[in-house]
Amino acid sequence: MFIGDDNHQGGFIHVRGFGIDFRNRGGIYINGTYREIKSVKIKYLDDPKPDVVDAECLGKPSVKFYKRWHVRAVTDDGMFEYMGKREWPPASISSNMIYYNFSYEGTYKGQTIGGRGYGEYANI
């Protein structure tokens, strides 16, 4: 979920299991108009080093929890791209779910955007 510093907000869900994308969509409201997000690609970056967070799920005692990532989302009228940055430690909610907040900067249809966001990581 993201909330822009100007007139945009929205969110998307990216769910992957067994090597298959089950959900990969969302939407963005910008200047009062809704635009569907048709697909999302996320590239996680190793600089700075990700945190290793305890998460007991499927025999895996810990997961890498990244501090920076690049999002590229396809809409009918242009690309929505941003660089996300997590500045605070993630909050472990259960043995397989982590909440986090982040800031972001990027572009949509060639216009500069930025704001704050909230995300959930689940390993089930």
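The largest nonpolar core has 19 residues, and Phe80 and Tyr82 touch the most other members. Such a core is a set of buried Ala, Val, Leu, Ile, Met, Phe, Trp, Tyr and Cys residues joined through side-chain atoms within 4.5 Å. Strand 3, strand 4, strand 6, strand 7, strand 8 and strand 10 each supply at least two residues of this core. Strand 10 gives the largest share, five residues. Strands (E, at least two residues) and helices (H or I, at least four) are DSSP runs, numbered from the N terminus. Buried means under 20% relative accessible area, exposed over 50%, and partly exposed in between (1.4 Å probe, protein chains only).

The model is predicted: local features need pLDDT of at least 70, side-chain atom pairs count only at pLDDT 80 or more, and totals for chains, interfaces and linings use all residues. Residues are numbered from 1 along each chain as its sequence is written, and side-chain values use heavy atoms, with hydrogens and water left out.

Turn next to the aromatic rings. Rings of Phe, Tyr and Trp (its six-membered ring) pair if their centres lie within 6.5 Å; planes under 30 degrees apart count as stacked, over 60 as edge-to-face and the rest as tilted. By this rule there are 16 aromatic pairs. Take phenylalanine 2 and tyrosine 104: their ring centres are 6.0 Å apart and their planes stand at 75°, so this pair is edge-to-face. Phenylalanine 2 lies in strand 1 (residues 2-4) and tyrosine 104 in strand 10 (residues 97-108), so the pair ties together parts that are 102 residues apart in sequence. Phenylalanine 2 is buried, at 1% relative accessibility. Tyrosine 104 is buried too, at 2%.

Tyrosine 82 and phenylalanine 102 are arranged in another way. Their ring centres lie 6.2 Å apart with planes at 10°, so the pair is stacked. Tyrosine 82 sits in strand 8 (residues 78-85) and phenylalanine 102 in strand 10, 20 residues apart, so distant parts of the chain are linked. Tyrosine 82 counts as buried at 3% relative accessibility. Phenylalanine 102 is buried at 7%. Both pairs belong to one aromatic cluster, whose members include Phe2, Tyr82, Phe102 and Tyr104. Phe80, Trp69 and Tyr121 are also among them.

Tyr121 leads on to the largest pocket. Tyr121 is one of the lining residues nearest the pocket centre, with His14, Tyr44, Glu120 and Ala122. The lining has 29 residues. The pocket holds about 1,200 Å³ of space. On a 1 Å grid over the protein atoms alone, a pocket is an open set of points where a 1.4 Å probe fits, with protein on both sides within 12 Å along at least five of seven lines; lining residues have an atom within 4 Å of a point. Grid points are joined across faces, edges and corners, and the volume is the space filled by probe spheres set on the points. Strand 2 (8-17) is one of the strands that supply at least two lining residues each. Strand 2 gives the most, with six residues. By class, the lining has 21 nonpolar, four polar and four charged residues. Here Ala, Val, Leu, Ile, Met, Phe, Trp, Tyr, Cys and Pro count as nonpolar, Asp, Glu, Lys and Arg as charged, and the others, Gly among them, as polar.

Now the charged side chains. Side chains of opposite charge can pair when their charged atoms come close. A salt bridge is a side-chain nitrogen of Lys or Arg within 4 Å of a carboxyl oxygen of Asp or Glu. The structure holds seven. One joins arginine 25 and glutamate 36 at 2.0 Å, N to O. Arginine 25 lies in strand 3 (residues 20-30) and glutamate 36 in strand 4, so the pair ties together parts eleven residues apart in sequence. Arginine 25 is partly exposed at 44%, and glutamate 36 is partly exposed at 28%.

Aspartate 77 bridges to arginine 35, with the closest N and O atoms 2.7 Å apart. Aspartate 77 lies in the loop between strand 7 and strand 8 and arginine 35 in strand 4, so this pair spans 42 residues of sequence. Aspartate 77 is partly exposed at 27%, and arginine 35 is partly exposed at 30%. Shared partners join Arg35, Asp77 and Lys109 into one salt-bridge network.

Lysine 109 also stands out in its backbone. Its phi is positive, about 55°, although lysine 109 is not a glycine. Lysine 109 is found in the loop between strand 10 and strand 11.
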